[in-house]
Every structure is written in C-alpha cells, then in structure tokens.
Amino acid sequence: MEKHLFIELYGKKGKIDINGLGGSYGVERITFYKMLPEMGPPETFAWEYPMADNSWEVEFNEFIEDIHHQAAVRSKFN
C-alpha cells in the first residue's frame, strides 16, 4: 500500500517542503522557500520528479547520517 509523503522542514533561512510519492498522489516534488532579509514573499525553487527513482530515500538517509554524526547538513544554497 502506498502512503503519501509530506514533510516540512523550517529553519532561519527558509523552509523545505517535500511532497508526494508519485502514482495516485501526483508528481514527487521538493520546494525550497528562501526567506529574504527584507521579508515579503520568499524566493521559491521547485524540482519535480515524474519518473520512478530512489532519490528521496538516498537524500533522507544522507540527512539522517549527518544528524547521527553531527555533521553540517550539506546545501547548495549556502
């Protein structure tokens, strides 16, 4: 049975929204909302994954590994 995946992670510089599992839930999507110093609407970056892949599992496992090792979380937005 498929389950819907929806995760929101909040921080000082923005929010990441992970949504979907494909199939009947629609396209898998990750959205980054970058907060601006002057506030107002955030810059928004979105990526969609319409094909079958294991990227969610790989990314989540890497994130958990970083937490266990108290490593700085890697980001291309720094």
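Thr31 counts as buried because its relative accessibility is 5%, where buried means under 20% relative accessible area, exposed means over 50% and partly exposed lies in between (1.4 Å probe, protein chains only). The structure is a predicted model, in which local features need pLDDT of at least 70 and side-chain atom pairs count only at pLDDT 80 or more, while totals for chains, interfaces and linings use all residues. Residues are numbered from 1 along each chain as its sequence is written, and side-chain values use heavy atoms, with hydrogens and water left out.

**Overall architecture**

- The protein chain contains one helix and four strands; helices (H or I, at least four residues) and strands (E, at least two) are DSSP runs numbered from the N terminus.
- Along the sequence, these elements follow the pattern β-β-β-β-α.
- Of the 78 residues in the protein chain, 15% count as buried.
- The accessible surface of the protein chain is about 6300 Å², and carbon and sulfur atoms hold 59% of that surface; accessible areas come from the Shrake-Rupley method with a 1.4 Å probe, and for residues only the protein chains shown count as cover.

**Strands S1 and S2**

- Strand S1 (residues 6-10) pairs with strand S2 (residues 14-19) in the antiparallel sense over five bridges; two strands pair if DSSP finds at least two bridges between them.
- A hairpin of three residues joins S1 to S2.
- Glu8 has Asp17 in S2 as its bridge partner.

**Surroundings of Thr31**

- Thr31 belongs to strand S3 (residues 28-34).
- Neighbours within four places in sequence aside, Thr31 is in contact (heavy atoms within 4.5 Å) with Lys15, Ile16, Asp17, Thr44, Phe45 and Ala46.
- Of the contacts in the protein chain with a separation of 6 or more, 10% are between residues 24 or more positions apart.

**Aromatic rings**

- The count is one aromatic pair, where rings of Phe, Tyr and Trp (its six-membered ring) pair if their centres lie within 6.5 Å, and planes under 30 degrees apart count as stacked, over 60 as edge-to-face and the rest as tilted.
- Phe32 and Phe45 form this stacked pair, with 6.1 Å centre to centre and 20° between the planes.
- Phe32 lies in strand S3 and Phe45 in strand S4 (residues 43-49), so the pair ties together parts that are 13 residues apart in sequence.
- Phe32 counts as buried at 11% relative accessibility, whereas Phe45 counts as partly exposed at 29%.
- The charged end of Lys15 sits over the ring of Tyr33, 4.8 Å from the ring centre; this term requires NZ of Lys or CZ of Arg within 6 Å of the ring centre and within 35 degrees of the ring normal.
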